[in-house]
Amino acid sequence: MFFRRAREDRAFCEVQRAGYELLLQFQAMQPWPDVPEQAVPAPAAEAAVAADFLPPELRVPSRQEVAGLMMRWQQPLVIEGEVRTCPGCGAYRDWIVFCLRDDSVWLRCRAGHETKEPGLDAAWYNRNSGPVDRFHPSLEEGLRHLGH
């Protein structure tokens, strides 16, 4: 019984291989129709330099032009099943989460203790943060805006 199935499988594979070889030979013998080369028009000089959509005074700075992003995280922060606490004061909620230009994530408690969080990355920050609503010239003004 087992030998019969193996023989049938082997025969099926051989037929498939022979069919594939025949298909390759058939494609090699077929003359391909002459397709005329389509001429691509050269872009005009003024089209090559696209006008910006927004004037410079309305543009938002790119991620590389700012030192980092920050958001408020009021509930307890759970990372890999554990509630994260501040190593300085033991606080476990009301964090400011920073995502810096080098994609590192830092936490700051209400008492001002800052610690790097290796369990979080820029992808986590992007998934959990909302849209940027404001840019601040200094860290102190940003913290004041977020209530710290």
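Because the model is predicted, local features need pLDDT of at least 70 and side-chain atom pairs count only at pLDDT 80 or more, while totals for chains, interfaces and linings use all residues. Residues are numbered from 1 along each chain as its sequence is written, and side-chain values use heavy atoms, with hydrogens and water left out.

We begin with empty space. Rolling a probe the size of a water molecule over the atoms shows where such space is left. On a 1 Å grid over the protein atoms alone, a pocket is an open set of points where a 1.4 Å probe fits, with protein on both sides within 12 Å along at least five of seven lines, and its lining residues have an atom within 4 Å of a point. The largest pocket has a volume of about 630 Å³, a volume being the space filled by probe spheres set on the points, which are joined across faces, edges and corners. It is lined by 27 residues, of which Gly68, Leu69, Met70, Arg134 and His136 are the closest to its centre. The elements that give two or more residues to this lining are β1 (68-73), β4 (95-100), α3 (122-128) and α4 (139-145), where helices (H or I, at least four residues) and strands (E, at least two) are DSSP runs numbered from the N terminus. Strand β1 gives the most, with five residues. By type, the lining holds 15 nonpolar, eight polar and four charged residues, if Ala, Val, Leu, Ile, Met, Phe, Trp, Tyr, Cys and Pro count as nonpolar, Asp, Glu, Lys and Arg as charged, and the others, Gly among them, as polar.

The next topic is the nonpolar core, a set of buried Ala, Val, Leu, Ile, Met, Phe, Trp, Tyr and Cys residues joined through side-chain atoms within 4.5 Å. Buried means under 20% relative accessible area, exposed over 50%, and partly exposed in between (1.4 Å probe, protein chains only). The largest such core has 17 residues, and Trp73, Leu77, Trp95, Val97, Trp124 and Tyr125 touch the most other members. Two or more residues come from each of β1, β4, β5 (105-108) and α3. Leaving aside neighbours within four places in sequence, Tyr125 is in contact (heavy atoms within 4.5 Å) with Leu69, Met70, Met71, Val97 and Cys99.

Side chains of opposite charge can pair when their charged atoms come close. A salt bridge is a side-chain nitrogen of Lys or Arg within 4 Å of a carboxyl oxygen of Asp or Glu, and by this rule there are four. One of them joins Arg72 and Asp94 (3.3 Å, N to O); Arg72 lies in strand β1 and Asp94 in the loop between β3 (82-83) and β4, so the pair ties together parts 22 residues apart in sequence. Within it, Asp94 is buried at 15% relative accessible area, whereas Arg72 is partly exposed at 32% and Arg110 is partly exposed at 46%.

Finally, most residues other than glycine have a negative phi. Asp94, however, has a positive phi of about 60 degrees, and phi of Glu80 is near 55 degrees. Glu80 is in the loop between β2 (78-79) and β3 and is exposed, with a relative accessible area of 75%.
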